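Could you walk me through this structure, one part after another? I am new to it and would like to know where to look.

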Amino acid sequence: MKFVRSTTIVENNIPVIARTILPLDEIATMHESALASLKGELKVPKHVLDSFMIKDQLNPDFWTNEKLNPEVHTRLLKLANSFFKDLELPSNIKMKDILFVGSLANYNWSKFSDIDLHIVIDFSEFEEEKDFMKKHFDAEKNLWNDKHEIKMFGYPVELYVQDTKEKLSAAAIYSILTNKWKLKPEKEHFRVDQSLIKRKVEKIFDKIKSIKDNYINQNYEGVIDKVTSLKDTIKKMRKSGLEKGGEFSTENLMFKVLRRTDFMELIDSFKNKAYDNQMSLREDLP
């Protein structure tokens, strides 16, 4: 669990759902554990907010004097080529670049960071529409990321297929293909407004109460609709923040806080279990 033990998502004296509402169905272990210590409203752990602080240097496992570790470069290049080969694209389609982006290419790395590796392809070279290709490649990268668990110095690798015309909201971009910076990171005088982010995130946390109430009342359609709507809102919020203020925007940092707690997994747990119950038929117990 990533939530601090003294926090909760629901009010006191609510029994664990898996034991009282649905005797024939067990809620996910994470879900049951989160509901077990009922002591008030959920809070954002301080160590999550502190993880956004700017470091004095780039991660030394990956960088020396802003030069990429040669072994890391070799591994990332090999990995990108392997992934590209697995896509089984027409022979005329070539990679335009391989980009290393995100906090591990910048001064805001933390224990929550991952290696964001973007495979750049010109979508206009395909006969299919751009939107179709984006959905196709998103599905391919999701399958790959779910299938593999590759880590470097403990940081997981996340692959993404990017169109050459896609605007990349990144404060640092390193080309693995050329082994050079395309956008060099700078130590910005950056201060996280922790209180603002905390307030905004906890307003989103508060949405759990309504979702939980629907679940307890066996309004499974309501659970599914609310979780779907909430995730869509979060996605749009992040997109807007990236477009307006880049990766250090309040909205993007809020999104990262949500990912660095169990919130997203928790609402998915409600949605998945609601769907399972909605679609199941079971004999009533005497």
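Let us begin with aspartate 97, which sits in strand β3, a strand covering residues 97-101. Please keep in mind that the model you are looking at is predicted. Is aspartate 97 buried or exposed? With a relative accessible area of 10%, aspartate 97 is buried, because the cut-off for being buried is under 20%. Its side chain has a partner, too: a polar contact of 2.7 Å links the side chain of aspartate 97 to the side chain of serine 175. If you set aside the neighbours within four places in sequence, the residues in contact with aspartate 97 are His118, Ile119, Val120, Ser175, Ile176, Leu177 and Lys182.

Aspartate 163 belongs to strand β6, which runs over residues 155-163. Aspartate 163 has a relative accessible area of 3% and is buried. Its side chain makes a polar contact with the side chain of threonine 164, at 3.5 Å. Not counting residues up to four places away in sequence, aspartate 163 touches Val120, Ile121, Asp122, Phe123 and Lys130. Look for Val120 in particular: Val120 is among the residues that aspartate 97 contacts, and Val120 is also among those that aspartate 163 touches.

Now step back and take in the whole protein. The protein has 10 helices and eight strands. Of its 286 residues, 45% count as buried. Consider also how its contacts relate to the sequence: among contacts with a separation of 6 or more, 78% are between residues 24 or more positions apart.

Methionine 53 gives you one example of residues that are separated in sequence but meet in space. You will find methionine 53 in the loop between α3 (46-50) and β1 (63-64). Methionine 53 and arginine 191 are 138 residues apart in sequence, while their C-alpha atoms are 7.3 Å apart in space. Leaving out residues up to four places away in sequence, methionine 53 touches Tyr107, Asn108, Val192 and Gln194. With a relative accessibility of 32%, methionine 53 counts as partly exposed.

Next come the helices. Two packed helices are described by the angle between their axes and the distance between the axes. Take helix α7 (residues 207-216) and α8: their axes come within 7 Å and cross at roughly 160 degrees. How do α7 and α8 run relative to each other, parallel or antiparallel? They are roughly antiparallel, because an angle over 145 degrees counts as such. The crossing of α7 and α8 is left-handed. On the α7 side, the contact is made by Lys207, Ser210, Ile211, Asn214 and Tyr215, and on the α8 side by Tyr220, Gly222, Val223, Lys226, Val227 and Leu230. Sorted by kind, the residues of this contact are six nonpolar, three polar and two charged.

Helix α8 (residues 220-245) also packs with helix α10 (residues 263-279): here the axes come within 8 Å and cross at roughly 150 degrees. The helices α8 and α10 are therefore roughly antiparallel to each other, and their crossing is left-handed. Among the α8 residues that make this contact are Tyr220, Val223, Val227 and Leu230, while α10 contributes residues including Phe263, Ile267, Phe270 and Ala274. The contact of α8 with α10 involves 12 nonpolar, three polar and four charged residues.

Lysine 244 is exposed, with a relative accessible area of 65%. Lysine 244 and serine 169 are 75 residues apart in sequence, yet 9.6 Å apart in space from C-alpha to C-alpha.

Finally, let us turn to the backbone in two loops. Most residues other than glycine have a negative phi. Glutamate 88 is not a glycine, but has a positive phi of about 50 degrees. Glutamate 88 lies in the loop between α4 (70-86) and β3, and is exposed, with a relative accessible area of 69%. Glutamine 218 also has a positive phi, near 60 degrees. Where is glutamine 218 found? Look in the loop between α7 and α8. Glutamine 218 is partly exposed, with a relative accessible area of 43%.

Definitions and conventions:
Residues are numbered from 1 along each chain as its sequence is written. This is a predicted model: local features need pLDDT of at least 70, side-chain atom pairs count only at pLDDT 80 or more; totals for chains, interfaces and linings use all residues. Side-chain values use heavy atoms; hydrogens and water are left out. Axes are lines fitted to C-alpha atoms, for helices over the stretch in contact, and angles run from 0 to 180 degrees between N-to-C directions. Helices (H or I, at least four residues) and strands (E, at least two) are DSSP runs, numbered from the N terminus. Angles under 35 degrees count as roughly parallel, over 145 as roughly antiparallel, 65 to 115 as roughly perpendicular and the rest as oblique. A crossing is left-handed if the near helix is turned anticlockwise from the far one by less than a right angle, and right-handed if clockwise. Contact means heavy atoms within 4.5 Å. Ala, Val, Leu, Ile, Met, Phe, Trp, Tyr, Cys and Pro count as nonpolar, Asp, Glu, Lys and Arg as charged, and the others, Gly among them, as polar. Buried means under 20% relative accessible area, exposed over 50%, partly exposed in between (1.4 Å probe, protein chains only). A polar contact is a pair of N or O atoms within 3.5 Å; within protein, one must be able to donate a hydrogen and the other to accept it, and residues adjacent in sequence count only if both atoms are side-chain atoms.
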